[in-house]
Amino acid sequence: MPNYTAPRPGVGSVGSYQMSAQPYATSGLTISNSSVTEITFPQVTKFVTITNTNAGASSPLRVGFSSNGINGVSENAYFLLDHGESYTGEWRLTSLYLRGDTAPTSGSVVAGVTGITTTLDYTGSAGVG
């Protein structure tokens, strides 16, 4: 008798992105400006919202897709959110990288995750670092 393994959805599985996502949220993050904070999602995301929740003086938050990109090792492959700003992107991610730009800051991340369990690694991709 042949072995049969039921197919699992992959990153190109359109239906996984069309159905509603499972919620993921983390808040109250203290984000250093000397080390990277990695957010690891349990599955591939459908969308991600990042908010710089720092209420004080301007403390920009770096948002990137690899540790090298956010640290400017090969290039500055990140974008900045000033205090009180947020951004939502429809991104397929398994990890997100945060770091304070010039001073420590705080933040929150809300995401919708799919049922896709594949690990994605964007390190070395153009614009990622």
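How many residues of strand β7 (residues 95-100) are buried? Let us look at a few close-ups. This is a predicted model, in which local features need pLDDT of at least 70, side-chain atom pairs count only at pLDDT 80 or more, and totals for chains, interfaces and linings use all residues. Residues are numbered from 1 along each chain as its sequence is written, and side-chain values use heavy atoms, with hydrogens and water left out.

View 1. Six of the six residues of β7 are buried, so the strand is largely enclosed by the rest of the structure. Buried means under 20% relative accessible area, exposed over 50%, and partly exposed in between (1.4 Å probe, protein chains only). Strands (E, at least two residues) are DSSP runs, numbered from the N terminus. On one side you will find S95, Y97 and R99, on the other L96, L98 and G100, and both faces are covered.

**View 2. The partners of β7.** Two strands pair if DSSP finds at least two bridges between them. Strand β2 (residues 37-40) pairs with β7 in the antiparallel sense over four bridges, and E38 stands opposite Y97. Strand β4 (residues 61-64) also runs antiparallel to β7, joined by four bridges; here G64 stands opposite Y97.

View 3. Look for L93 in the loop between β6 (86-89) and β7. L93 is buried, with a relative accessible area of 2%. Leaving aside neighbours within four places in sequence, L93 is in contact (heavy atoms within 4.5 Å) with residues including F41, V48, F65 and Y122. The C-alpha atoms of L93 and T119 are separated by 8.4 Å, and the two residues are 26 residues apart along the chain.
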